[in-house]
Amino acid sequence: MKALFSRSHLIVLGVYLAVIVLAPLLSSKGYWLSLLCQIGITTIFALSFNMLLGQTGLLSFGHAVYFGLGAFATVHLLRAIHEHSWPFPVTLLPLAGGVAGLLFGIALGYVTTRRAGTTFAMISLGIGEMVAASSLMFPGFSGGEGGLSSNRVTSPGWFGITYGSPLQMYYLIAGWAFLCIVGMYVLTDTPLGRLTALNYEIVTAETLSAGTSGIVIMMAFVGGIGHFTGPIIGAALITVLRIAVAGITEAWPFYFGILFTVLVLYAPGGIAGILAEHKRLYEAGQLGRALQQYLLGLLPFALCAISVITLVEMAYALANTTEPGSAPLRVFGVTLNAARPLGWAPPVIALTVGALLLRAISRRMAARRETVYASLLQRQA
């Protein structure tokens, strides 16, 4: 009988487990632990979406419904534990979100899965919008615009753990995330919403919104649809970028749009697909030459990136200025005035030059890649 996990899979799982156990040791700051918790939550969210799209081919625009309803069920149970002093351990509360997501998935899935393709996507979008709107119409369930909040510290838990500290909360999320990853690797399951209500101690109608569904689609595609590790990579990257970039510029949604568009156009397999392609280059003994090409393209790529960032920030400053003839801003330590037409010339010229150089290098790399793949096919034949 075929083993459930191959040796390479066991090594990967072991490394991943070591990473999540040792990650909090890098820093004891609350910001770092909060970031790790969010990565754990979004990883499960993105993996469940990837299971739906990657294994069944069903593109859902309402995936946040199960995520949000599972979270609401968890916070309602948490509030009931406080109110009625129920002896329910907080450690097992994520199961409540899982069961709720399963039940709602059965009820709503009966309607959404009656058609496939574009029809399914549109039905899932309609269901998602209906549930999001209904959540505000029934404040007794959702708490209205303010949402529902509770306190995860109910009583001394197992081994005296109360989950009052961010570190304890992190290990609870990391533990459940690891179990879910293993479980989803083995079985195909219904998209479930869990974990998240305990971390934030508040759930709002935003968790049911189309925006939340859009974020999980971006995570899956950026990481790599069809690769099991893709959504894990995408969830970690998007979560970090959302926090880091949003703290630097208010134009961060535009940069996410650029990232998503570029990857879909030029790397439809996502980051995991890029890694898989370079694994083939390594096996063919051509990775060193590919790295040399990347070094050649590093300068024009940086030139393009800096130029785009400069132009976006200038456009944003100009659109939001309240002083005619003046739109000052600082980009990469340089003070600029977006209201001056000549100030736009340097980044436009730099972007043009960088794009032309990058295009020439990319064509050489594509031709080289085709040659390598042709030789690989000949060897296999």
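User: Is valine 21 buried, partly exposed or exposed, and why?

Analyst: Buried means under 20% relative accessible area, exposed over 50%, and partly exposed in between (1.4 Å probe, protein chains only). Valine 21 has a relative accessible area of 40%, so valine 21 is partly exposed. The residue lies in helix H1, helices being DSSP runs of H or I with at least four residues, numbered from the N terminus. The model is predicted: local features need pLDDT of at least 70 and side-chain atom pairs pLDDT 80 or more, while totals for chains, interfaces and linings use all residues. Residues are numbered from 1 along each chain as its sequence is written, and side-chain values use heavy atoms, without hydrogens and water.

User: Which residues form a nonpolar patch on the surface?

Analyst: Such a patch joins nonpolar side chains (Val, Leu, Ile, Met, Phe, Trp, Tyr) within 5 Å, from residues with over 30% relative accessible area and no salt bridge (a side-chain nitrogen of Lys or Arg within 4 Å of a carboxyl oxygen of Asp or Glu). Here Leu17, Val21, Leu22, Leu25, Leu167 and Tyr171 form one, with about 540 Å² of accessible area together, by the Shrake-Rupley method with a 1.4 Å probe. H1 gives the largest share, three residues.

User: Which members of the largest nonpolar core touch the most others?

Analyst: A nonpolar core is a set of buried Ala, Val, Leu, Ile, Met, Phe, Trp, Tyr and Cys residues joined through side-chain atoms within 4.5 Å. Among its 47 residues here, they are Ile44 and Tyr170. H7 supplies the largest share of this core, eleven residues.

Terms used:
Helices (H or I, at least four residues) and strands (E, at least two) are DSSP runs, numbered from the N terminus. Patches are made of residues with over 30% relative accessible area and no salt bridge: like charges are joined within 9 Å, nonpolar side chains (Val, Leu, Ile, Met, Phe, Trp, Tyr) within 5 Å.
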